[in-house]
Amino acid sequence: MKHLFLFISMFIIAFPIYLFGNQQGKPEIRNIKIENQGDSVLFVYFDLVGYKKNERFDIVLDAKFQAGKKVEVLNLSGDLVGVFGGNSKQLKWAISKDIYDFNGFLSLKLKFNSTLGNTFQSETKLVKIFVNNAIEEAENIDPENDLLAEIEWIKPDSRNLAVTQKLFSIQACILPKNEISEVNLYLNNQFVPNTRGFKPIDGNCKMAVKNEFELNDGLNEIRLEVIDKEGVKTESFILVSYTKKE
């Protein structure tokens, strides 16, 4: 009886240690850092934590232009296939071999699939790149699609700026090729209601959009979306970094 009591006592003590000692969190990515090297190479650094022993990961770099079109990432090397978890992982993307004559912004996201069935992804990172020393900043607009509308930003006059005022105003001229069905404005992918309507300006612009809204702290992506009656969608954007004035 004494031995039985001792066994039960040891079991009660050991069982929680076994139970909780074998519980592990789900794998996740941390400390993402992205660096440009010249105008042709992009490095992505990250840590992979919360992994289990002998778990391996296949990694995909998902890249999109701000207009939404996906970039086919072909010239990518580094920690990609059968990667063990740990710190200081690295990817190297030879951008200039996959994208030509582009000076603008890409949305980047890392996607992971593990040998134990864990699937997860990182938050989206917005990165400015320069390829082949392109001079003008532009969206990913298909030059063969002559149905796309033209969007000209009047206010602000810069596509990438930093401000200290939370209240922000925009004005853009829309030159459509077909009758317009929708004009939508988004702030960090959140719809912004139209408060000022659409009207001609200066005699040269048949349709202008004006709006005023409050910025979020940090980086703000302001995206204007134009959809015509045929369903053809044109998008244009600006980036505004807001820091509260001391």
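User: Quick one: is Lys-70 buried or exposed?
Analyst: Exposed, at 54% relative accessibility. The cut-offs are under 20% relative accessible area for buried, over 50% for exposed and partly exposed in between, with a 1.4 Å probe and protein chains only. Keep in mind this is a predicted model, where local features need pLDDT of at least 70, side-chain atom pairs count only at pLDDT 80 or more, and totals for chains, interfaces and linings use all residues. Residues are numbered from 1 along each chain as its sequence is written, and side-chain values use heavy atoms, with hydrogens and water left out.

User: Which residue does Lys-70 form a salt bridge with?
Analyst: Asp-62, with the closest N and O atoms 3.5 Å apart. A salt bridge here is a side-chain nitrogen of Lys or Arg within 4 Å of a carboxyl oxygen of Asp or Glu. Asp-62 itself is buried, at 8% relative accessibility.

User: What else forms a salt bridge with Asp-62?
Analyst: Lys-111, at 3.9 Å between the closest N and O atoms. That pair links distant parts of the chain, 49 residues apart. Shared partners join Asp-62, Lys-70 and Lys-111 into one network.

User: How many salt bridges does the structure hold?
Analyst: Six. One of them pairs Glu-35 with Lys-33 at 3.1 Å, N to O.

User: Switching topic: what does Ile-99 touch?
Analyst: Leaving out residues up to four places away in sequence, Ile-99 touches Phe-65, Val-71, Trp-93, Leu-106, Ile-129 and Val-131. Contact means heavy atoms within 4.5 Å.

Definitions and conventions:
Helices (H or I, at least four residues) and strands (E, at least two) are DSSP runs, numbered from the N terminus.
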